[in-house]
Amino acid sequence: MNSQDYMQIALKEAQKAFEKDEVPVGAIIVDSQTGKVIAKAGNRSEHGENAFAHAELEAMKKACKKLKQNRLRDMDLYVTLEPCTMCAAAISLMRIRKVFFGATDEKGGAIVNGVKFFEAKTCHHRPEFESGILEEKCSEILKIFFRNKRQKKL
């Protein structure tokens, strides 16, 4: 499988979140050695347990539980939206090998936008990253979601 195939899986998680009236962001954890998908998740921060339930954190939590370990070395993260500062910090702490994301986030992103967390002197682990994978599809689902939200308020 290639990065677009993996991002399609993350997009399916984003679609599930959309259907639950959650901000449609999906994430998966992939073993970089075997190519096996270890965990999948979508956002659960609006109707889930707490505001911290971002797709990235949920996927990392599931992967750690499944693998029975507290770090995710040699694992890759695919996420439909550029991670925020909170998620970028968690990615660094988890020692994720590489982050692949679809849409950039000018307001909340923290990798190529905002604080650029992985460039900070205080960042202990700097994973590689690649952006723009299926960017149009990743961006479109978010645009539709928020357009629908605005129309409901009218």
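Threonine 80 is our opening case: its relative accessible area is 0%, so it counts as buried.

Before going on, this is a predicted model, so local features need pLDDT of at least 70 and side-chain atom pairs pLDDT 80 or more, while totals for chains, interfaces and linings use all residues. Numbering runs from 1 along each chain as its sequence is written, and side-chain values use heavy atoms, with hydrogens and water left out.

Back to threonine 80, which sits in strand S3. Strands here are DSSP E runs of at least two residues, helices are H or I runs of at least four, and both are numbered from the N terminus. What does threonine 80 touch, if we skip residues up to four places away in sequence? Its contacts (heavy atoms within 4.5 Å) include Met7, Ala10, Gly102 and Cys138.

Now the sheet. Five strands make an open sheet, in the order S2-S1-S3-S4-S5, with mixed pairing; to pair, two strands need at least two bridges found by DSSP. S2 (37–42) and S5 (128–131) are the edge strands with a single partner each, so one side of each has no neighbour in the sheet. From one strand to the next, the twist averages 15 degrees.

Let's look at one pair. S3 (residues 75–81) and S4 (residues 98–103) run parallel, over five bridges, and tyrosine 78 has phenylalanine 100 in S4 as its bridge partner. Across S3 and S4 lies helix H4 (residues 135–153), at about 60 degrees to S4. For angles, axes are lines fitted to C-alpha atoms, for helices over the stretch in contact, and values run from 0 to 180 degrees between N-to-C directions.

S4 also holds lysine 98. Is lysine 98 buried or exposed? It has 15% relative accessibility, so it counts as buried. Its side chain makes a polar contact of 3.4 Å with that of glutamate 130. Polar contact here means a pair of N or O atoms within 3.5 Å; within protein, one must be able to donate a hydrogen and the other to accept it, and residues adjacent in sequence count only if both atoms are side-chain atoms.

Finally, the largest nonpolar core has 48 residues, and Ile96 is among those with the most contacts inside it. Such a core is a set of buried Ala, Val, Leu, Ile, Met, Phe, Trp, Tyr and Cys residues joined through side-chain atoms within 4.5 Å.

Terms used: Buried < 20%, exposed > 50% of the residue type's maximum accessible area, 1.4 Å probe, protein only.
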